[in-house]
Amino acid sequence: MAGRFVPRTTAVPHQQHAADASAPSRERTWTPPGPLDLRLVLSPLRRGPADPTYRALSDGSFWRATRTPAGPGTLRVTAARDGRIEAAAWGSGAQWLLDRLPALLGEGDDPGAFRPRHRLVAATQHSRPGLRLLRTGLVMESLIPSILEQKVTTDEAYRAWRLLVRRYGTPAPGPTNALFGAHGLYVMPDARTWSLIPSWEWHRSGVDAKRATTILRAVRVARRMEEAAAMELPEAMARLELIPGIGPWTAAETLQRSNGAADAITVGDLHLPGIVGHALAGNRNADDEEMLALLAPYEGQRHRATRLIMLSGHIPPRRAPRMTPGDIARL
């Protein structure tokens, strides 16, 4: 990668320090309007099995570290036996996270608006009554990892996200070090820190010049990007796609999470058209055009339809080798 990515000053990796486990948490209890499966709802936020911003524990708790407009925050959510959701949060962003807990867990989503048109989709919807589409209200935390996932294997993208967040993010507030040890939760870097990461660190993380440049363009206008969280889907898509390097695939992947956009269909994906084609028409070789035709009856709910199809397990068997991972860090 050329030196053009190197700013006059560079980001400094965070200093490791123990999170203050004695810091008091803020707490909230919320009763959802219907069945709620926390794992199904929150799983789109997880970027790989070692995501430094997300943990799902065997005790049924889900942990999330993020950067809110009020500052860094850690959120823990669990489902009580009576159906209530119990949440605790730490850090300067704690109250922001708790205030938006219902929205995060799909309070604004309306599964009842969905009308299945295929037996497979209807059966999956019936078996997954706790599925709701989350809404984080935060654009950059989903936009940056979505850019990292452009045109590479998921393993490569997850590795880049993990390395960059652990090196340039900050340890999450709350008792995370005590629970998770050296590889605990981290809050992703702020926009300025992303912009100061030197070219060799992008390279070492396996991020090519095109993706690095796209992220640098986005973080320079991070405030404008965040405004998309309050926009309707067409306007939000247009806002994100103003950035060279951000197309319909990246915008949709972002807005599915930040806006809870039920119709944000992922176009341009390597595998999704074949999965949808196989599930709905027995055609594993479907392209984007056929996928959109098959999903036309779900207009307004096409993202939910594809999630149900993915959850059905009706995935075509793999016939070809996986996409070969690259390793530009060795170049």
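Where is Val-221 found? In this predicted model, Val-221 is found in the loop between α10 (209–220) and α11 (222–226).

Ser-142 belongs to helix α5 (residues 140–148). Its relative accessible area is 2%, so Ser-142 is buried, the limit for that class being under 20%. Once neighbours within four places in sequence are left aside, Ser-142 is in contact with Arg-47, Thr-254 and Arg-257.

## The antiparallel sheet

An open sheet of five strands is present, with the order β1-β5-β4-β3-β2 and antiparallel pairing. The edge strands are β1 and β2 (54–56), each of which pairs on one side only. On average, neighbouring strands of this sheet are turned by 20 degrees against each other, direction ignored.

In the strand order, β5 stands between β1 and β4. Strand β5 (residues 85–90) is largely enclosed by the rest of the structure, because five of its six residues are buried. In a regular strand, side chains alternate between the two faces of the sheet.

## Pairing of β5

Which strand pairs with β5 over five bridges? Strand β1 (residues 26–30) does, in the antiparallel sense. Within this part of the structure, Trp-30 has Ile-85 of β5 as its bridge partner.

Strand β4 (residues 71–79) also pairs with β5 in the antiparallel sense, here over six bridges. Val-77 stands opposite Ala-87 in β5, and the bridge partner of Thr-74 in β5 is Trp-90. β4 and β5 form a hairpin with five residues between them. Gly-83, in the turn of this hairpin, has a positive phi of about 95 degrees.

## Helix α14

How many of the ten residues of helix α14 are buried? Eight are, and the helix (residues 272–281) is accordingly described as mostly covered. The buried residues are Leu-272, Pro-273, Gly-274, Ile-275, Val-276, Gly-277, Ala-279 and Leu-280. An α-helix has 3.6 residues a turn, so residues three or four places apart point the same way.

The elements that cover the buried residues of α14 include α4 (119–127), α15 (288–295) and α16 (302–312). Just after α14, Gly-282 takes a positive phi of about 70 degrees.

## The largest cavity

Two cavities of 30 Å³ or more are found in a search of the whole structure. The largest cavity has a volume of about 150 Å³. It is lined by 15 residues, of which Leu-45, Thr-53, Ala-65, Glu-141 and Trp-161 are the closest to its centre.

Which elements give two or more residues to the lining of the largest cavity? They are β3 (62–68) and α5, the latter being the helix in which Ser-142 is found. The largest share of this lining comes from β3, with four residues. By class, the lining of the largest cavity divides into six nonpolar, three polar and six charged residues.

## The second largest cavity

The second largest cavity holds about 40 Å³ of space. Its lining consists of Leu-42, Tyr-54, Phe-62, Trp-63, Arg-64, Leu-75, Val-77 and Leu-104. Val-77, listed in this lining, is the residue that stands opposite Ala-87 in β5.

β3 and β4 each supply at least two residues of the lining of the second largest cavity. β3 gives the most, with three residues. By class, this lining has seven nonpolar, no polar and one charged residues.

Technical notes: Residues numbered from 1 in each chain as written. Predicted model: local features only at pLDDT ≥ 70, side-chain atom pairs only at ≥ 80, totals over all residues. Heavy atoms only, no water. Buried < 20%, exposed > 50% of the residue type's maximum accessible area, 1.4 Å probe, protein only. Contact = heavy atoms within 4.5 Å. Pairing = 2+ DSSP bridges. Axes fitted to C-alpha atoms, helices over the stretch in contact; angles between N-to-C directions. 1 Å grid on protein atoms, 1.4 Å probe; cavity = no way out; pocket = protein on both sides within 12 Å on 5 of 7 lines; lining within 4 Å. Points joined across faces, edges and corners; volume = space filled by probe spheres on them. Nonpolar A, V, L, I, M, F, W, Y, C, P; charged D, E, K, R; others polar.
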